[in-house]
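Please open the model in your viewer and keep the selection tool at hand.

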Amino acid sequence: MISSTPPAEPHSPDRADRWRLSWLVILALTLVVLIAVVVGNQVTADSAPGAASSPSGELDPASGSGALPGSVSDPSGSGSPAGSGSGPGVAASSASAGAVPPVAASPGVSRSPLSGVPGASILESASASPSSANPFPAAGLLRLSGKVPNHGSGQFVYGSKHSPVLGNKGQLRRFRVAVEKGSNEDADAFAAQVQSILGDKRSWIGNGNLRLQMVSGADKADFTVYLATRDTAGQMCARGGTNIRVGGVPYTSCRTPGKAIINLDRWRLSATPYVNAKVELATYRRYVINHEVGHELGHGHQGCPKKGGPAPVMVQQTLTLRGCVPYAWPRRDNRSFSGPAI
Ligand SMILES: [Zn+2]
């Protein structure tokens, strides 16, 4: 008998088989999706730490907490819209300051207490700081938790990056940034914030008479922005003739010639008028950088021009708003904004 070749037709799928098949397909798809998600997360976490260190100076940090890690990626990426081609060395180092092991600190994990500390743990603590991945305090956060060291070594680590030239016209002044060893802060994370603040059009460069550029510790600079523990800040300020004590404790920040000295207590804990007004820490940081650098640029203290209105940046907002509400910038509505000299 000629066996007729059996039709290629597969065995007729009965209902149960079909059922099983569709479940298998669903299962497979689920697995694929799961794997994709896991891999995706991995990539984000890995790329975050490096990204934080070279934000463009032109970005607008106001939208708070800014720092979408993506937008501040390294210079080769989409990150540098400022592109004022003249900024030397912008592309230079993507390796961050040598000091920051890429531990992806999750933003919520606020600083480990100083428990294990002395000396050896500086690197570890620094990298565990929320600043490694995203140097800006979270939106809405009023102050950081965790113990703040009262003193450090008195020595400083300098930022390693150059910024583009910030601003379009006017005299060019160069500045460095430095963070005290033992403060558990990261120099490049501090640098990223200072650069973003001083590069904002609402800051001093906005008037068209001044350009600024951040340079590395090895370069010559006109002034330096220091982040120092309260004891060191107290000593540095006192050496320059300024007493920053309140109730016996070095409390405010100060400027001495060539030095804007930011008190770590305020950098992490903000100040009473801001906390009472529920104004976020990121805004206080903008204020204190603009204020102390404002002194370096020749501006003195001012009063509140209108009760309930915004406070000029040269009001001593760390201590009192003088009837105004917190405001962090020397410019407002694209004009310079100041108050009566006091
Ligand atoms: Zn002042």
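With the whole protein on display, consider its contacts, where two residues are in contact if their C-beta atoms, placed from the backbone, lie within 7 Å: of those with a separation of 6 or more, 70% are between residues 24 or more positions apart. This is a predicted model, in which local features need pLDDT of at least 70 and side-chain atom pairs count only at pLDDT 80 or more, while totals for chains, interfaces and linings use all residues. Residues are numbered from 1 along each chain as its sequence is written.

Colour the protein next by pLDDT, the predictor's confidence in each residue, from 0 to 100; the mean is 75, and 61% of the residues reach 70 or more. Select residues 1-13, where the pLDDT is below 50 and the stretch has one contact beyond near neighbours in sequence. Then select residues 33-131, where the pLDDT is also below 50, but where the model has 161 contacts beyond near neighbours in sequence.

Now select V177, V225, Y226 and I261, which have the most contacts inside the largest nonpolar core, a group of 58 residues. Such a core is a set of buried Ala, Val, Leu, Ile, Met, Phe, Trp, Tyr and Cys residues joined through C-beta atoms within 7 Å, and a residue is buried if 20 or more other C-beta atoms lie within 10 Å of its own, exposed if 12 or fewer, and partly exposed in between. Helix α3 (residues 187-198) gives the most to this core, with eight residues; helices here are DSSP runs of H or I with at least four residues, numbered from the N terminus. Around V177, look for its contacts beyond four places in sequence, among them A187, F190, A191 and V194.

Where they meet, Q193, V194, I197 and L198 of α3 touch R285, R286, I289, N290 and V293 of α7.

Finish with two loop residues. S270, between α5 (264-269) and α6 (272-276), has a positive phi near 65° although it is a residue other than glycine, and S270 counts as buried because it has 27 C-beta neighbours inside 10 Å. K278, between α6 and α7, has a positive phi of about 55°, but K278 is exposed, with 9 other C-beta atoms within 10 Å.
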